[in-house]
Amino acid sequence: MTDQTGSPCQTIDPYKFLQIIPHPNGSITRLRHDPQTSLASNPNLPISVLSKDITIDQSHNTFIRIFLPRKALDHASSNRKLPLVVFFHGGGFIFLSASSTLFHVFCSNMANDTEAVVVSVNYRLAPEHRLPAAYDDAMKALHWIQTHPGKEEWLSKYADYSNCYLMGSSAGGNIAYHTGLRAAVELHHRGPLKIKGLILVQPFFGGVKRTASELRLMNDSHLPLCATDLMWELSLPRGADRDHEYCNLTVGNGSKQLDEMERLRWRVLVTGCDGDPLFNRQREVVNLVAHKRVRVVEFFVPGQYHGIQDHEPSKAKPLFDVVKHFTFPLIQ
């Protein structure tokens, strides 16, 4: 057992657990196999969801992958547009991409089950590109979506720009939150894109002082505490600790930009499970957002583990039901 601030899980080597090799120049070698899924943009293919990539910044290798449910094509004559969900993938800020099979499958299933146009954002990874690089890339993608409504047919024809949500899982939930804070101030009065809220799936936050769930599950087989500590060490600005605002959202009683979310009447959905070491961090999100009088919906389940919706697609079905009702508020 560790104290409330010290180094956890002395029996686990976090570098071996994460399968990374650090280098003196600050980069890492990622040893994990990351299967990639190719695109399927041909409407003649017998598939339920089409996908295509659009480059945002070639120099940074950032792009968006759009997922369009076939149902949108089948009902094109009705002029009914679908909610627009901008998604940020997980991976502790240091792994994976929008083309990773893990998240391609997740986004494809979500687009089909929730009947939404899903835009998955590929952002730069740490430690080669430490935070706020991922937040900057997220904002750049939103600016592209905002300013190109007529240049991408799948978005202009099928996506409802007046019903947009920012969504992310794990580290992507952190990105969705911090991007939302910036977007509430920078994007609301510009162009047709109207963000209605955030969907934070097991969002990745932390802090120097340990929470009860972190201590209870410090040697969790899916996400041990030493691994989260290392991911923060590799992702935060150099010299910052886990009480940096990017990691600990309760610092300074939360961001004043939450007040802008409340003024814009955004809604925030937070999901999690008590088998996740980050459970108490996710409860902190709910409490902070509610304290700021932003409308919050919570969906927490007993047991399970961090990332279950990504690794076991069948377990994502209840989540997709909640997301569908959240993005189609009139059907609640």
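Keep in mind that the model is predicted.

**Stop one: the largest pocket.** Start by selecting Arg32, Gly91, Leu96, Leu102 and His311, the residues nearest the centre of the largest pocket. Now colour the helices: H1 (14-18), H3 (101-114), H8 (225-235) and H11 (308-311) each supply at least two lining residues. H3 gives the largest share, with 3 residues. If you colour the lining by class, you'll get 11 nonpolar, 11 polar and 4 charged residues.

**Stop two: arginine 124.** Next, jump to the loop between strand S6 (117-122) and helix H4 (133-147), where arginine 124 sits. Is arginine 124 buried or exposed? Its relative accessible area is 15%, and under 20% counts as buried, so arginine 124 is buried. Show side chains and look for the polar contact between those of arginine 124 and histidine 60, at 3.5 Å. Then bring up the residues that arginine 124 touches, leaving out those up to four places away in sequence: His60, Thr62, His129, Ala133, Ala134, Asp136 and Asp137.

**Stop three: helix H12.** Finally, select residues 317-327, which make up helix H12. Which residues of H12 are buried? Highlight Leu319, Phe320, Val323, Phe326 and Thr327. Look down the axis and you'll find these five on the same side of H12, because they cover an arc of only 125°. As background, an α-helix has 3.6 residues a turn, so residues three or four places apart point the same way.

Definitions and conventions: Residues numbered from 1 in each chain as written. Predicted model: local features only at pLDDT ≥ 70, side-chain atom pairs only at ≥ 80, totals over all residues. Heavy atoms only, no water. Buried < 20%, exposed > 50% of the residue type's maximum accessible area, 1.4 Å probe, protein only. Helix = DSSP H or I, 4+ residues; strand = E, 2+ residues; numbered from the N terminus. Arc of directions from axis to C-beta. 1 Å grid on protein atoms, 1.4 Å probe; cavity = no way out; pocket = protein on both sides within 12 Å on 5 of 7 lines; lining within 4 Å. Nonpolar A, V, L, I, M, F, W, Y, C, P; charged D, E, K, R; others polar. Polar contact = N/O pair within 3.5 Å; in protein donor to acceptor, adjacent residues only side chain to side chain. Contact = heavy atoms within 4.5 Å.
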